[in-house]
Each structure stands twice: as structure tokens, then as C-alpha cells.
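My notebook is open and the viewer is loaded. Here is what I looked up, entry by entry.

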Amino acid sequence: MAAPVVIAGAGISGLTAALAFASQGIPVEIHERSAALAEIGAGLQICPNASRILDRLGVLEGLRPLAAEPRALLVARLDTAAPLAAMPLGALAEQRFGAPYLVARRADLQRALLDRVAATPAIRLATASRLAGLETREDGILARIEG
């Protein structure tokens, strides 16, 4: 078996990277220094390019019921609220781009990613564990883990 990819941090980026590596048959270890995972932040926009990737990684199905799909994106002047531009979204955007435009809470995206990570045997998630250092060797890189 190949040596695992080691990822420091179980935030949105670390979880997504782990799923991407695992989808290619590469084992992954995620080391999160916090003892418990907590979602930080508010909302975010998920453009069709991102939702397409989440779909390929098996995450979109779990996220979609928790997300909203805006019907349009409106741009207005700050001082007068006069409309400057509008772009239809919703079903039209999904048809045009092949994936939905969504808005979601960061916590909901992280939960959908965590659910998919938990269902992926090639990924091991360790909490209260941190990457303490790296050492380059002739045969590869040695990760020192504490916790």
C-alpha cells in the first residue's frame, strides 16, 4: 500500500483535498489540531464550477438540501440602489453551466464534506492531532505528528 498523503487541517480545503486524493485511490490522513471540529464563518457562494467538483466528489447530494439556489444575481448602486445588472440563475444557470449556483452556510458545507469523508474508507481523520514538522529524506518526506 502506498504511503498516505498527510493533510494538516479539517477545514473546507483540507476535507475537499482529502476527498480528491481518495477519489484517485490515494490513501489520506487528515490531522486536525482541535479536539472537536467546529464550523467557523457565515455563508458562502458556490459557483457552478465548484458545485460540479463537489458533485464529482459525492458531496453535492448531501449539501443541496441544505443550500439555497438563488433565482438571480442582482447588482445595484450602493448609494441609490438603482439596478446595474442582473444575471438569471436557478434552473436556467444549471442548464447553461451544467451545475447549480448555490449559497450555503459554511457549517453546512463542512458537515456535507465531513459526512462524505466519514463514508470514505481511504481517509482517516484524527482530531487533537497536529503536524509538528516535516523531514525530507532520500526515500520521501517524513511527517512528524503530535497527538
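**Entry 1: a hairpin.** I began at the hairpin of S4 and S5, which has six residues between the strands, and found that Ala 81 takes a positive phi near 65 degrees there. Strands, like helices, are DSSP runs numbered from the N terminus (E, at least two residues, for strands; H or I, at least four, for helices). Two strands count as paired if DSSP finds at least two bridges between them. S4 (residues 72-76) and S5 pair in the antiparallel sense over five bridges, and Val 75 stands opposite Ala 85 in S5.

**Ground rules.** I noted that this is a predicted model, where local features need pLDDT of at least 70, side-chain atom pairs count only at pLDDT 80 or more, and totals for chains, interfaces and linings use all residues. Residues are numbered from 1 along each chain as its sequence is written, and side-chain values use heavy atoms, with hydrogens and water left out.

**Entry 2: a salt bridge between Arg 77 and Asp 79.** I count a salt bridge when a side-chain nitrogen of Lys or Arg is within 4 Å of a carboxyl oxygen of Asp or Glu. By this rule I get eight salt bridges. One of them joins Asp 79 to Arg 77, with the closest N and O atoms 2.7 Å apart. Asp 79 is exposed at 56% relative accessible area, while Arg 77 is partly exposed at 41%.

**Entry 3: the parallel sheet.** Next I traced an open sheet of three strands, order S1-S2-S7, with parallel pairing. Its edge strands, S1 (5-8) and S7 (123-127), each pair on one side only. Neighbouring strands are turned by 20 degrees against each other on average, direction ignored. For angles, axes are lines fitted to C-alpha atoms (for helices over the stretch in contact), and values run from 0 to 180 degrees between N-to-C directions. S1 and S2 (residues 28-32) pair over four bridges, and Ala 8 stands opposite His 31 in S2. Helix H1 (residues 12-23) packs on this sheet and touches S1, S2 and S7, its direction making about 170 degrees with that of S2. Contact here means heavy atoms within 4.5 Å.

Entry 4: In helix H5 (residues 106-118), Arg 111 and Asp 115 lie four residues apart, about one turn of the helix. Their salt bridge has its closest N and O atoms 3.2 Å apart. Both are partly exposed, Arg 111 at 39% and Asp 115 at 43%. I then found Arg 130 and Glu 146 meeting in a salt bridge (3.1 Å, N to O). Arg 130 lies in strand S8 and Glu 146 in strand S9, so the pair ties together parts 16 residues apart in sequence. Arg 130 is partly exposed at 39%, as is Glu 146 at 41%.

Conventions. Buried means under 20% relative accessible area, exposed over 50%, partly exposed in between (1.4 Å probe, protein chains only).
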